[in-house]
Amino acid sequence: MKKTLKSLGGTLLVLAFWLALWWLGAIRMGRELLLPSPLTVLERLLELALTADFWLIVLRSILRVVCGILLALISGVLLALLTSNIPFLRRLFYPLLSVIKATPVASFVILALLWLGSSALPVFISMLIVLPVVWAAVSDGIDAFDKDLTEVCRVFSFPFGKRLRLLYLPTVTPYFLSACKTSIGMAWKAGVAAEILAVSPVSIGKQLYEAKIYLETPDLFAWTLVVVLLSLIIEKLVTLSFRALGKREIRRATYAQGE
Amino acid sequence: MLKANNLCVTLGGKPVLENFSFFCEDVGCTALMGASGIGKTTFLRVLAGLIRPDSGEIESTFTRVSVKFQEPRLFDWLTVKQNVAAVLSGEEADSIAEKWLSAVGLEKHLHKYPHELSGGMAQRVALARALAYGGDLLLLDEPFSAVDEATKAPLLELIRAYAQSHAVILVTHSKEEAELLGAKIVQL
């Protein structure tokens, strides 16, 4: 309890430092158009939060990005399973993985805007950002299966379910979790960027785009703050849900590899 | 009964076993002895089904093979008891695991994790796991490495008792261990 309070105190102190710096910068600049003060941004955020539209916009953006993330998680795991077990598929898909990793998001946004339209674009872009990270991480996890323990499973004739529970999941989960943590923030950034470029209807991206057009800097900051907060909340939720769902051995493996 | 005829195994382009023949009965202990690298472990791996010989034949009446590898090979994320119970199924898995862990003198360490054990204790967990599995053929690859002398005696007795109703093939460098087990010695 004392340790938690101390840690919370430390976090608040760091937050206060950066807020103070922001405040001083705003005072020094003296123009809300260039850098609004934290208070102005907070007031604007509260104003927005009191409208029903705000929550609708937030919900629609969450749905788009979360859909993209979920699609990426499912397809990333499936692709990793296929490419790790079938060498031909690994050779076949490797260039695709490299191309997705190396291509600028903007190129995909322009192309996908033509193919998919403005509403589905953020889903696709979020998926595209998360997919290679999850795919590569799960493949690494599969490559990391302990050969000695695989032999133990073989000689003691473990059925597939037991192998999955005792060896495969504990080995792959830390890689998968780490990929989730890394890519969720990226998915938000890319998803919102796609919303801006596509001017997706009822989206945070559209609000940011309009804030830019009408030079509403406090709105720009308020909506950016929303994106940051949502990213942090979803990242935390993913970690907590894995902990809650995970078996003890998965948690231990996660802990052991994180040490 | 197990009968191996003219087994040849090549690993990494190097012949490890050449025309090796072997026989053991349904019960009793056989000790494989010989210099390091001569193919003792390779032969056990062939019997465990982990390596396919290049040529030769194996005739066996054994249906369930237990293995204690040279290294403990425990699941780091499972407790001592869970590691042993993992090779069992059914409601009695836990009690059988406890029985064998008690037999190897680890009844006070059931809830420890492998990283909390000494090398010798980890070897004993691996031995308990192999015994608990209850194979009609038990393969033991240097089961007493890292086990201190005081602990070794009851373990030898345990394997001797097991060998009275099962077949045990043991790799060892110690003639004394083989003799204490009353094992038939096969020199490679």
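Predicted model: local features only at pLDDT ≥ 70, side-chain atom pairs only at ≥ 80, totals over all residues.
User: What makes the second largest pocket lie between domain 1 and domain 2 of chain A?

Analyst: Domain 1 (1-30) and domain 2 (36-258) of chain A each contribute residues to the lining of the second largest pocket, and therefore this pocket lies between them. Among the lining residues are A:W18, A:W22, A:L39 and A:L229. The elements that supply two or more lining residues are helix 1 (2-29), helix 2 (38-49) and helix 10 (217-245) of chain A, and helix 1 gives the most, with 5 residues. The space in this pocket comes to about 400 Å³.

User: How do you know which class of residue, nonpolar, polar or charged, the lining of the second largest pocket has?

Analyst: Leu, Trp, Pro and Val count as nonpolar, and the lining consists of residues such as A:L15, A:W23, A:P38 and A:V228, so the tally by class is 12 nonpolar residues, with no polar and no charged ones.

User: How do you know how much area chain A and chain B bury between them?

Analyst: An interface's size is often given as the accessible area lost when the parts come together. For chain A and chain B the buried area is about 1,900 Å², with 61% of it on carbon and sulfur atoms, and 19 residues of chain A are in contact with 24 residues of chain B.

Conventions: Residues numbered from 1 in each chain as written. Chains lettered and ligands numbered in written order. Heavy atoms only, no water. 1 Å grid on protein atoms, 1.4 Å probe; cavity = no way out; pocket = protein on both sides within 12 Å on 5 of 7 lines; lining within 4 Å. Points joined across faces, edges and corners; volume = space filled by probe spheres on them. Helix = DSSP H or I, 4+ residues; strand = E, 2+ residues; numbered from the N terminus. Domains from an automatic or database assignment. Contact = heavy atoms within 4.5 Å. Buried area = accessible area lost by both parts, 1.4 Å probe.
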